[in-house]
Amino acid sequence: MPKAERDEVRLVSRIAAGDLRAFEDLYRVYYPRLSRFLGRMARRPGIVEEVLNDTMLVVWRRAEGFNGGSKVSTWIFGIAYRKALKSLAQFDEPVDDEALQSCADGAPGPELQVNLWQLREALGTALDSLPAEQRAVVDLTYFHGLNYREIAQIVSCPVDTVKTRMFHARRRLRVLLAGHREDWL
């Protein structure tokens, strides 16, 4: 087990014992990762913060329930995934993602900024058109580097279901992004 994973397991053990400092440390580690994941999955900034905090509250309250049967990250992302699905079921109206509409800051020139913005916009729109279950599989695979077995644990389904969701998501994205690819290269 890599050192980072051992450290996370120790943090969860300390959290189970009521160590607030350990919880703060784990929160700092997972805040950016969960923000990105939930931002891509929910596409609603207000929901992202609420679901992230709900997720970490579950971690605080149920840390003693972590049995080491998976990575800490798999356990936490699983909680976040289920919380996000519940939240999305309550709010069904489409909302624009402000982050996708903002241009990249810094060094790139104006033409590159416009191309990057168009790429993000097209990809964001295509991802938004996917069902939440497919969007989560794509996000966890490509943006968080998780394998199908870990994703299956997170989303509570068989590995073959994850593969099927990825197959359909890729097929749908290929159709949606076909007209844009030549503009990106």
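Reply: The largest nonpolar core has 50 residues; a nonpolar core here is a set of buried Ala, Val, Leu, Ile, Met, Phe, Trp, Tyr and Cys residues joined through side-chain atoms within 4.5 Å. Those with the most contacts inside this core are L26, L34, F37, L38 and I76. Two or more residues each come from α1 (3–16), α2 (20–42), α3 (45–62), α4 (72–90), α6 (110–128), α7 (132–142), α8 (148–155) and α9 (159–177). Because domain 1 (1–91) and domain 2 (109–180) both give residues to the core, it lies between them; the domain bounds come from an automatic or database domain assignment.

The model is predicted: local features need pLDDT of at least 70 and side-chain atom pairs count only at pLDDT 80 or more, whereas totals for chains, interfaces and linings use all residues. Residues are numbered from 1 along each chain as its sequence is written, and side-chain values use heavy atoms, with hydrogens and water left out.

The protein as a whole has 10 helices and zero strands; helices (H or I, at least four residues) and strands (E, at least two) are DSSP runs, numbered from the N terminus. Of its 185 residues, 39% count as buried, where buried means under 20% relative accessible area, exposed over 50%, and partly exposed in between (1.4 Å probe, protein chains only). Among contacts (heavy atoms within 4.5 Å) between residues at least 6 apart in sequence, 63% join residues at least 24 apart.

L140 lies in helix α7 and counts as buried because its relative accessibility is 0%. With neighbours within four places in sequence again set aside, L140 is in contact with F37, F77, G145, L146, I151 and I154. L140 and M41 are 99 residues apart in sequence, yet their C-alpha atoms are 9.7 Å apart in space.

Helix α7 also holds Q134, which counts as buried at 15% relative accessibility. Beyond its neighbours within four places in sequence, Q134 is in contact with R165, H168 and A169. Two of these residues, R165 and A169, are buried in α9, together with V162, M166, L173 and L177. Seen down the axis of α9, the buried residues fall within an arc of 100°, so they line one face of the helix; the arc is that of the directions from the helix axis to the C-beta atoms. On the other side of α9, D160, R174 and V175 are exposed.

Helix α1 can be described in the same terms. Its buried residues are E8, L11, V12 and I15. They fall within an arc of 95° when seen down the axis of α1, and therefore line one face of the helix. An α-helix has 3.6 residues a turn, so residues three or four places apart point the same way. The buried residues of α1 pack against α2, α3 and α4. At 1.5 Å a residue, the 14 residues of α1 should span 20 Å, and its end C-alpha atoms are 20 Å apart, which agrees; the expected span is 1.5 Å times one less than the number of residues. Just after α1, G18 takes a positive phi of about 90°.
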